[in-house]
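The following note sets out several points for a colleague who is examining this model. Each point may be checked against the coordinates.

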Amino acid sequence: MDDANVPSLLSLPYLGCLSVDDPRYRATRAFVLSEDNPFFFRGRAGCGIGGPHCGLGMIWPIALTMQAMTSTDDAEILRCLAMLKASHAGTGFMHESFHQDDVRRLTRPWFAWANSLFGELVMTMDAQRPHLLLHMLQT
């Protein structure tokens, strides 16, 4: 399994350990973000990586942020941004985790680490892919 935190296998390019184009990373990323990973959850509220710490079916915004930060695909980044935007359950904050079928089932109603990484994602997208943020503002 890959951990939903950082460091994780998904976050290796973010940490500067290797390139997003490294063939081993591409294969690892494909596995981690697939149904073959027992801690990849898909439901009505979203899909992403969780872990045993918060229980089955719980998706971590930190992992969604890392998925977006290490992606080279605008459509994938937009999907991650949309899930992150929808996952705050009316609080305006990122949580430790939310349930794959109901964002109101969450852990840690305010989680500074997830909020900080989300802020970094927004700043990175503004610098590297501002058209994606503009798209998110319009939806």
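Leaving aside neighbours within four places in sequence, with which residues is R129 in contact?

1. The model is a predicted one. In it, R129 is in contact with S71, T72, D73, D74, I77 and T124, once its neighbours within four places in sequence are set aside. R129 is found in the loop between helix 4 and helix 5, the latter covering residues 130-138. One of these partners, D74, is also joined to R129 by a polar contact of 2.7 Å between the two side chains.

2. Is R129 buried or exposed? The relative accessible area of R129 is 18%. Because the cut-off for burial is under 20%, R129 counts as buried.

3. Turning to the overall fold, the protein has five helices and five strands. Read from the N terminus on, these elements run α-β-β-β-α-α-β-β-α-α. The radius of gyration is 14 Å, close to the 14 Å that the globule rule gives for 139 residues, so the protein is as compact as a globular protein of that length. The C-alpha atoms fill a box of roughly 35 × 35 × 25 Å along the principal axes.

4. Of the 139 residues in the protein, 50% are buried. Among contacts between residues at least 6 apart in sequence, 51% join residues at least 24 apart. The accessible surface comes to about 7000 Å², and 59% of that surface belongs to carbon and sulfur atoms. As for charge, the protein has 11 positive and 14 negative charges, whose mean positions are 5 Å apart.

5. Why may helix 2 be described as largely enclosed by the rest of the structure? Nine of the nine residues of helix 2 are buried, so the description holds. The buried residues of helix 2 are P61, I62, A63, L64, T65, M66, Q67, A68 and M69. They pack against helix 1 (23-32), strand 2 (47-49), strand 3 (58-59), helix 3 (74-86), strand 4 (97-99) and helix 4 (112-128).

6. Within helix 2, which spans residues 61-69, lies Q67. Q67 has 11% relative accessibility and therefore counts as buried. The side chain of Q67 makes a polar contact of 2.9 Å with the side chain of E76. Not counting residues up to four places away in sequence, Q67 touches L10, R29, L33, E76 and C80.

7. A68 is also found in helix 2. The relative accessible area of A68 is 0%, and A68 is accordingly buried. Neighbours within four places in sequence aside, A68 is in contact with I77, C80 and L121.

8. G48 is buried, with a relative accessible area of 0%. Which residues does G48 touch, not counting those up to four places away in sequence? They are F39, F40, F41, I59 and L64. For G48 and L64, the C-alpha to C-alpha distance is 6.3 Å, although the pair is 16 residues apart in sequence. L64 is itself one of the buried residues of helix 2, and strand 2 is among the elements against which the buried residues of helix 2 pack.

Conventions: Residues are numbered from 1 along each chain as its sequence is written. This is a predicted model: local features need pLDDT of at least 70, side-chain atom pairs count only at pLDDT 80 or more; totals for chains, interfaces and linings use all residues. Side-chain values use heavy atoms; hydrogens and water are left out. Helices (H or I, at least four residues) and strands (E, at least two) are DSSP runs, numbered from the N terminus. The radius of gyration is taken over C-alpha atoms; the globule rule is 2.2 Å times the number of residues to the power 0.38. Buried means under 20% relative accessible area, exposed over 50%, partly exposed in between (1.4 Å probe, protein chains only). Contact means heavy atoms within 4.5 Å. Accessible areas come from the Shrake-Rupley method with a 1.4 Å probe; for residues, only the protein chains shown count as cover. Lys and Arg count as positive and Asp and Glu as negative; His and the chain ends are not counted. The place of a charge is taken as NZ of Lys, CZ of Arg, CG of Asp or CD of Glu. A polar contact is a pair of N or O atoms within 3.5 Å; within protein, one must be able to donate a hydrogen and the other to accept it, and residues adjacent in sequence count only if both atoms are side-chain atoms.
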